[in-house]
Amino acid sequence: MSMEWFNRVTTELHDHLNSICDQYDQVGHMSIDQSAKHPRIEFFVETEDDERDYFCTLHFDPHNAEFYVETFDFEFEQQTRIILTDIEDIIDAIHDIFHDFISDDELDDLDEEFVLDAVNSGEYYVGEISDTEFEELSVEWETPEVTAFQIEDAIEITHQFGVVNATGDGVLRRVKRFWSEGNELHKEESSFVFTKEEASTLIALVASNMDKMTSYENL
């Protein structure tokens, strides 16, 4: 009985996969593996050199008769499952994952082209930068460190905004401080550089999707 649900969903996904991928001018494919303890459906597109570029794996738990996708929680450094209870949830999840896959692929192409142009022109610019690279930039900090979130003696996250002197680009600096069980202080720091033209888009993207995010208190 449990595999009947798996087979029904598999059949429906063929048609929906074509619809999802057509929106991005791509041809989507899926392969089915029922030999595993948890059968899975793997989704991919074919590259120009006839290789497979996988973008999603949908697992099926036959004991509980439920589908799920696995993600990695970087905050807690562990694998997590997202349970998909019906066909609409499954289709939406695959659509969102494919959208992220296409967006990341396009950004990689743009980043590669931008870096090559910067190297050829002798300019220095990166999006998310390492600590070593950041030290090479001259930044005028426009704000102090602003505390975005804090749990006393546990974790503190601050943000700071600045402007790169050489280019006029904006810099958003994020510092995460947290204390281990032995009360030892740890610090993680990252920075993101962006142009003035990008700023309004970044603000709009965050503002329009905040309701989909989970706060620390609800974790």
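Contact is defined here as heavy atoms within 4.5 Å. The structure is a predicted model, in which local features need pLDDT of at least 70, side-chain atom pairs count only at pLDDT 80 or more, and totals for chains, interfaces and linings use all residues. Residues are numbered from 1 along each chain as its sequence is written, and side-chain values use heavy atoms, with hydrogens and water left out.

Arg177 lies in strand 10 (residues 170-179); strands (E, at least two residues) and helices (H or I, at least four) are DSSP runs numbered from the N terminus. With a relative accessible area of 17%, Arg177 is buried, where buried means under 20%, exposed over 50% and partly exposed in between (1.4 Å probe, protein chains only). Apart from neighbours within four places in sequence, Arg177 is in contact with Glu145, Ala154, Ile155, Glu156, Thr158, Leu185, His186 and Lys187. Thr158 is 19 residues from Arg177 in sequence, and the C-alpha to C-alpha separation of the two is 8.5 Å.

Beyond neighbours within four places in sequence, the contacts of Phe67 include Trp5, Phe6, Val9, Ile41, Leu58 and Ile90.

Leu202, situated in helix 4 (residues 196-207), is partly exposed at 31% relative accessibility.
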